[in-house]
Amino acid sequence: MQGRRRRELAIQALLAAALLAALWWLLDVTAANMAERGIRSGFDFLKEPAGFAIGESLLPFDSADSTLWALAAGLANTLRVTLPAIVISTLLGTLIGLGRLSPNLLLRGLCIAYVETLRNVPLLLQLLAWYFVVTDLLPLASEALQLAPHVFLSKSGLSLPWVGGDGGLFDLPLRGEMGIAGGAALTPEFLTLLLGLSLYTAAYVAETVRAGIQAVPRGQSDAALALGLTRVQLFRLVLLPQALRSIIPPLTNQQLSLTKNASLAVAIGYPDLVSVANTTLNQTGRAAECIALIMAVYLILSLLTAWLSAWLERRTGRWAERS
Amino acid sequence: MNRRRANCRWPRLPAEMAGTAAAPAPVARMHSCPTFAPRLTDPMKLPNIARPWPAAIALLALLLHLPAAHAGRTLDQVRQRAQLVCGVSTGVIGFSSADSQGRWNGLDVDVCRAIAAAVLNDPNKVKYVPLNAQQRFTALQSGEVDLLSRNTTWTLTRDASLGLHFTAITYYDGQGFLVPKKLKLTSAKQLKNAEICVQSGTTTEKNLSDYFKAQGIKIKPVVFEKFEASIKAFFSGRCQAYTTDASALAFIRSKEAPRPDDYLILPELISKEPLGPVVRRGDDEWFAIVKWVIFALIEAEEYGVTQANLEQMKASADPAIQRLLGSAEDSGKLLGLERDWAARAVKAVGNYGEIFQRNVGSASPLKLPRGVNALWNKGGLMYAPPIR
């Protein structure tokens, strides 16, 4: 038994070594081919000034800052939209998933219609449709709607007072020649992407939640109802704890897709990581490097999410055993 | 059926086929497994290697080394396959765009046709590969196209660090702004705090940032990947200005605007955009051919040689025209082409002036003035070194 285990380990180590060697060799050939053709390679361009502006950025960014900082600003913009979208889609999806199991015919019908419509229309189309509806409906920036003192709504987005700025403690949006100046703005691009991603992913989350609850044996709810538990108690104490164990892994998959789907931002002009990396690629011509960077970032994001999910799974497992 | 599927799941390695005597008619089965099959259609010629792994690695090595091996003479390859592979845009009216029948036309396309005529004596022997801004340089570097003729701006970074050579300038462009008249703007310097719609993947974004930084003005770019989306967003009022090369602005205003009269193009051009075809480094003969075909088209305009009067001009007494059209000295020999290389190019697409008028000038929907693209002796910048 010991000998067999050792042999298996040795084979695995050999395979891993072969894989690494193949990978190294691939990179080596690519680098050699590029050098032979006089194509500059390497990541030195990251330290150079970016030279382009980013429309909206969570991190303070100026075109004189380094390309690396530009990519960081892009990543921050990606996270700025994915994190709230993950929360919104999970909450909304759970509600709709529960709605699909409701005895109320109207509610159930509405939830089914929601899931089937949003799930079966490609996300890119949904984003473009939302975006152009939003930009067509809102008033021009020069004729912005004033919702409250210093709160404006227009094609340039929702302008709000914000801390800091040049003028003092608060930066207040004011009407200027070019529309609204100052304050913090939630642009139509950001709002559309947040809305589109959340609504689309919620449809998938709803199906996952429904399937998870239906996977709990019927005897469990029969027994709970026989014991005199209310419907709310039934869900809270019996169904949900057991369902969570089967819900979390597919739910993680959905949220992983959401993160990756956020790269569709380029279509509607939101400066996410892919958008910034695309611009960098064009300015510098370093295609292989920029694509590798995008891949590495998404890989890290995915691994982090998977790790978080594994941790959650362990916790809910324990919770389910306790209750 | 199941067995057939199982065979499809993995590419048949050469060794498996050579080693298994009972392998039943691999070629016939290939048709049901289209993914990996085409490379292995002739099992007789494959090497007889006992184990599949070394065979797979050898195959992979071959594939990966192929691109390096072909960095030879582009001219020979073009002649051998009797086709010029030309990288063009995915659709820029007037420069390179496909019509409803899939025929490509435009100024950049005519350059490809002229080169095909000079090299292969047939302007139609061109395969057009539409490339977006992100793909274009990689496609040329990897040898997918022989020539990139895709309104690409000549800049130092591109010329010096991408393993490419810019050949000659076929169009002098500059970046401008389109704004709604309602904003009552007269200069780009008034665009303070404006949001400006722009399509990604050009030098446009950098120019925009450079110009307004120099003016000390803050603006917000809204960057779209697709041309259509950027235009739609601008005309729905999302941005206070739209920016791109001036050659495209005129078209966008006249063809895409809901009401052209509601929009105007600001007078400032904020950048120099010399556009021209690009070739790979390391093949000086091909570099010279592309460069001189373009010079010949410009020279033909200078000497008044047109598509229509070409045959009469061959009998001209002017030695410069005789040299250009190959009726006296053989200038083709020096380029590795036939004697009448330049005459063929002019016959195929006309001289530079004719190409300009037909695609972007007065005879086209764009109606762009010649401006700086006029010949040097008519107040423009188009100047070709002499063919002698």
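**Briefing on chains A and B**

Chain A is divided into two domains, with domain 1 covering residues 2–39 and domain 2 covering residues 67–322. This is a predicted model, and the C-alpha centres of domain 1 of chain A and domain 2 of chain A lie 38 Å apart. In chain A there are nine helices and eight strands, and 39 residues of chain A are in contact with 42 residues of chain B. The points below take chain A as a whole, then its side towards chain B, and then two elements of chain B.

**Overall form of chain A**

- The radius of gyration of chain A is 25 Å, well over the 20 Å that the globule rule gives for 323 residues, and chain A is therefore more spread out than a compact globule.
- Taken along the principal axes, the box filled by the C-alpha atoms of chain A is roughly 70 × 70 × 40 Å.
- Of the 323 residues of chain A, 36% count as buried.
- When contacts in chain A between residues at least 6 apart in sequence are considered, 61% of them join residues at least 24 apart.

**Trp24(A) in helix α1**

- Trp24(A) has its place in helix α1 of chain A, and it counts as exposed because it has 10 C-beta neighbours inside 10 Å, where 12 or fewer is the cut-off for that class.
- Trp24(A) and Glu289(A) are 265 residues apart along the chain, and their C-alpha atoms are separated by 16 Å.

**The side of chain A that touches chain B**

- The contact between the chains involves 39 residues of chain A and 42 residues of chain B, and the elements of chain A that give two or more residues to this side are α1 (2–36), α4 (123–137), β7 (179–181), α5 (188–214) and α8 (273–284).
- Of the side of chain A that touches chain B, the largest share, seven residues, comes from α8(A).
- By class, the side of chain A that touches chain B has 16 nonpolar residues, 17 polar residues and six charged residues.

- Strand β8 of chain B, residues 175–180, is mostly covered, with six of its six residues buried.
- In a regular strand, side chains alternate between the two faces of the sheet.
- In β8(B), Gln175(B), Phe177(B) and Val179(B) point one way, while Gly176(B), Leu178(B) and Pro180(B) point the other way, and all are buried.
- Strand β8(B) is joined by four bridges to strand β11 of chain B, residues 241–245, and the two run antiparallel; within β11(B), Thr243(B) is the bridge partner of Phe177(B).
- Three bridges join β8(B) to strand β12 of chain B, residues 263–265, again in an antiparallel arrangement, and here Pro180(B) stands opposite Tyr263(B) in β12(B).

**Helix α16 of chain B**

- Helix α16 of chain B, residues 341–349, is largely enclosed by the rest of the structure, because seven of its nine residues are buried.
- The buried residues in α16(B) are Trp341(B), Ala342(B), Ala343(B), Arg344(B), Ala345(B), Val346(B) and Val349(B).
- Just after α16(B), Gly350(B) takes a positive phi of about 85 degrees.

Conventions: Residues are numbered from 1 along each chain as its sequence is written. Chains are lettered from A and ligands numbered from 1 in the order in which they are written. This is a predicted model: local features need pLDDT of at least 70, side-chain atom pairs count only at pLDDT 80 or more; totals for chains, interfaces and linings use all residues. Two residues are in contact if their C-beta atoms, placed from the backbone, lie within 7 Å. Ala, Val, Leu, Ile, Met, Phe, Trp, Tyr, Cys and Pro count as nonpolar, Asp, Glu, Lys and Arg as charged, and the others, Gly among them, as polar. Domain bounds come from an automatic or database domain assignment. A residue is buried if 20 or more other C-beta atoms lie within 10 Å of its own, exposed if 12 or fewer, and partly exposed in between; C-beta atoms are placed from the backbone. Two strands pair if DSSP finds at least two bridges between them. The radius of gyration is taken over C-alpha atoms; the globule rule is 2.2 Å times the number of residues to the power 0.38.
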